[in-house]
Amino acid sequence: MDGQNSLADVFRFAQLRPARPVRESNGVALVIGEVSQQLGDATTVDERIVLANEVLSDGERSVRNVGELALGPEILEAYGEMGSKETPTVGTLVAEISDVEALVARPEFEDDRTRLSNTLLASTYGTRDADLNLRRLALVYRLYAALRLAASGDGHNVTLAELAAIPVVGPPPSPPSAATPASLGTAIDSLPVVAGGGAKGAPAVLGNAMDAAGEIARFDVGGHLVQPDGKGRAITGSVPFTLTAAARAGLSTGTTAVLASHSIDLTKTPAYAAVSLLHDLAETPVRQPFGAHGERMLGTPGMVVARKGAVLQAGHRPRVKAVGIASLLVVKQQIKRYEAAEIAHVENVIAGERRVREHRRLERTEDIITIETERSSERENELETTDRFELNRETSRTLREDRQAGVELSLSGKYGPTVEFTSNAEMTVEQAKEESTRNATTFSKEVVQRSLERVVERVREERVRRIVQETEERNLHEMTNSTDDHHSAIYQFLDKVYEAQVFDYGIRQMFDFMVPEPASFLWFREQAPVAGPRLPVPPPRLDSYAPNAGYVDATNFRELAALYGATDVEAPPPLYVTVTAVLDHGPADGATEEGRLRSRGRLDLAVPAGYTPWHAAFTGIAMTDDLPVIAISTGWHSLLLRATAGDREVFDSAKDHKLYSFPLRLFADFSSNPVDAVADTKLAFTVIGYETNAYTVNAELVCRRREPILTQWRLTTYAKIEAAYQDRLREHQQEVADLEARQASPVSPYGASPQQNRATVRDELKKHCLTIVTGQTYDAISAPQDGAPPTFDLERAAAEGAFVRFFEHAFEWDQLQYVCYPYFWARKETWAERFGRQDADPEFRDFWRAGWARVVVPARPGFEAAIRHFLQFRTLPPSAVDPEVESETYLPIVKEISERTGRGQGELPVGDPWEVRIPTSMVLVRAGSDLPTWRRTDADSWAWTPDDAPAPATDGAAAPGTDR
C-alpha cells in the first residue's frame, strides 16, 4: 500500500458496519427461571449437585414421567397419530390439535414446560436421574416448544424427524434482556434416539430396555398393580401383580415399543417379571464424559459441539467483535546498546586477604514402589483300602461208647413148705457216634490312601521406579589480595536500551482481545515437561466419566471396569430376588378326615440381606374325598382357599370312595406396606389344612432390592474402579518418567535468546486469540492418522486445511501488538509463583508473570467480509473454503513469506524515535573503583544517561526491528 489509502480502500472500509443480529438457530432453549438462576449462582460443584437433586426430588418443580404433566398425554396422543402420516411435520401435528393457540394459552401449558425444563436442566448436574427417561422428556419438551412456536405462525415446515434431532439448549449464564421465542434451526448436539419400526416418516421410537425396565419398576407398587381379592385369590380373568390398565396407559411410547419388540404382554406378565426380563435384554452403553471440553468439527470447519455437562448454549458464539476502523500504527523497537545501571553489589578485599565462597545446590528425586503378595495353601486327603480273603475249614468227629454191666441176685429159700428161693441178673451197653464238618469264607477289602499336599506360593512383585534426577551447581568464588592496598569490586546491573519508532501501515479493521493468563501453557509445560513427540496417552480421567460413586450403575460399570482394567468388579445386585420353599404333607392314601382338623405345617422363607418382601405366590395341590379348606397366614396376610365342587378333579376312583384333587393358587402383596426386613430375616407362613391330609404347597417370595445395598455396591465398585484407574495412572507416569529420563537434554544455562522468546510469546497469544474467535481448543484436528508410517484422512485434511489457511491469512498476525498486565490479575493461588519468576529477558519475564494480556490484531485487507461472515454464521464463506488466485481471500505465498521474514511493507514513520531503557537481572563488574554518575540529557525533558555512556547515535532513525 506504500502507506497510502486509495479511494477504493476508504470506500471499502466505510461500508463495514456492525454485524446484524441473526436469529438463534442452535436448538430449543430451556426456560430461564428460578432453577437456572440457582444453579448458575452455585459456587461449587457439590453445591450444584445438591441443588439439582433437590429439584429432581420436588414434584412441584420437576417431573418424573409424562403422566405427571397436565397436557402431556394429550400432546403425546396427537403425536402418536403421526405414525401413519407420510413425512409428518409440525404443521401436521398442529392439524391434529383442534385449537393450538388455545392450548398454548392455557396456564397448564407453561407450567408443564417449566417443569420439563427444570428436570432436563437439573439432570445435567444431579445424581438422581438414573430412573428418568431423559430422551422421552426431551422429546416432549421439543413438542411443547414446537407448538409454542407454531402458535405464533412459525416452524410449521419442520419435520418431526428434524424436531427429534434438534438439541435442547441450556440457558446462558446470565438472562438476556429480552426473552425471545425458541426457534427451530440446525441441530448441533441432539439427544440420540433409537430408531424403531413404523410407517415411513413416523417419529422415532424412543427408549431402550433399561429405560423401559426402570419405568415399569416405578409402577410396581400398590395401586398400580392388579391385586388379588381379600382372601388372596386371583380375580377371575386377571393375573395378580400385572399393571392395571391405567398404569399401562401411563407408560411412554418408547417403553410400549420396547415391550412389543420383545413380545412382553403386561396383561399376562407380572411387573416384576417384566422388569427382570428387560434387565437381561438391556444394552449398557458407557456414559459420555461429564463436563468434558472435547470438541469436534462437524461438516464445515468452525462448527463445534457443546457436550452435556455445562449450562451453556450449544455451539460457540464469538466473544470478540471488531472494535472499529483505524490506521494501523505499529511501534517497532530495536536494541541499540547495553548500559551499566545502578550498583548491584560491592565486594571488598583488604590487603593480604583471601576470600573463598563456594555454593553447591543439589536436587535428588527417587521413588521406589514394592508390592508383595504371599499365598499359602495346604490340603490333606486320606483314603485307606484293605483286601482280606479267608477260607476256614473245620472237621470234628466224636465217638462215644458206654457199657454198663450189673448183676442183681436175690435168693430166697424155703425149706419145706416154708422155704422159697428167687434169683435175678441185669446187663446194659450204650454206644454213640457224632461227626460234623464246618466251612467258613470271609472276604473284606480295606483301602488306605494318604495324600498330603502342601502348596506354598509366595509372589513378590517389586516395581522399582528409580528416577534419579540430580541437579548440582557449584560456584567457587575466590578473591585474593596479595598487595598492600585495599581493593573493591563494584557490580552494576545492566540495562537494555532500545530505540522505538511508530510506523503507519494504513487503515485496518481492528480486533481487540483480552487473554487470561497468557503463559498458561508455558507453566503447564514446565510443571509437566514433555519428554518427546510420542508420549504415551494417559488414561482418561475417571472424574470425567464418574465424578463419584453415585454415577456408577448397571448401565456403565462394565465399560468403566474395562476402560481401566478392573478385573474384580461384580454385577449390581438384581432389583428382584425370588426365594422358594416347598411343604409336602401326609400320605396319598385317601384316609377319611371325618370333619376334623387334620394337619398344620410351616414354611420359612429367608429374605436375602438388603432386600424386602414384595410379592408372594402359593401354588400346589390337595387330595381328599371331601371339600378341603387350606389357610395360609403370616403376620401381614391371611389367605384362605375354600374349595368348591367345581374345583375338584377325580384323582382315584378305584377304591370304595373316590379321591379328588384340588388346585391351590393364593397370592399376597407386600409392596403397599413393605416389611422392615433386616439381615437374616425369615418370613414364616403357617399352613393349616382341614378335610385334607395330603397336600403340597409351593411358596414363591419375590423380594425387592433396598437402596442401601445398591449404595454399598456403588461404593465398592467405584473403589475398585478407582484403584484400577490409579494403577493405570501410575503405570503411565512411570512410562512417561522413563521416556523423560532417556530423552532429557541439558538446558542452556543462559536460556533462549530474546528473539526466540518474542516468537514464543507471539505464537501463544495467537493461539489464545484463535480460541476466542473459533471456540476451538484444538481437539478437533483429526486429519493425521496414526500408522506405520502415519497417514492422514483426505476428507478431513481438506476441511481442516481450509480452516487453518483461512485463519492464518485472515488476520495480520505479524502486526500483532500486546500489553501484559501484572500477576495479581491471575488466580490468587498462583501469585507467589508468578511473582518469584525470574528471567534474563525482562519482556519474557513479564509474559511469564502476566495475569492477563491485551492483544490487538488487524484484519488483513480484503478479508473483512469473510471474517464477518464467520462471526455471524459460524461457517467459512464459500470463497474462503477453496479460494481462487483472483479472489480477495487468496494470499500469495511469496507475500506470506516476505511478511514472516520481516520485509518492509511500505509503512511510513510517524513522529520522532525515542529510546526505551529496560532493566535486566544481569550484572557487570565495573572497571576501576570510581562510582557511577548520571546526567540529564535535556533540560526540557526528564531523560537521564550515565556519564560514561556512549554518545547517542546520529545516523537517523533506526531500522525497523522488534515491534510490540
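This is a predicted model: local features need pLDDT of at least 70, side-chain atom pairs count only at pLDDT 80 or more; totals for chains, interfaces and linings use all residues.

Tutor: Residues are numbered from 1 along each chain as its sequence is written, and side-chain values use heavy atoms, with hydrogens and water left out.

Student: How many aromatic pairs does a search of the whole structure find?
Tutor: Rings of Phe, Tyr and Trp (its six-membered ring) pair if their centres lie within 6.5 Å; planes under 30 degrees apart count as stacked, over 60 as edge-to-face and the rest as tilted. Searching the whole structure this way gives 20 aromatic pairs.

Student: What kind of pair do Phe-618 and Phe-685 make?
Tutor: Their ring centres are 5.0 Å apart. The planes meet at 70°, so the pair is edge-to-face.

Student: Are Phe-806 and Phe-807 buried or exposed?
Tutor: Buried means under 20% relative accessible area, exposed over 50%, and partly exposed in between (1.4 Å probe, protein chains only). Phe-806 has a relative accessible area of 3% and Phe-807 has 4%, so Phe-806 is buried and Phe-807 is buried.

Student: Which residue lies over the face of Trp-848?
Tutor: A charge sits over a ring if NZ of Lys or CZ of Arg is within 6 Å of the ring centre and within 35 degrees of the ring normal. At 3.7 Å from the ring centre of Trp-848, the residue over its face is Arg-837.
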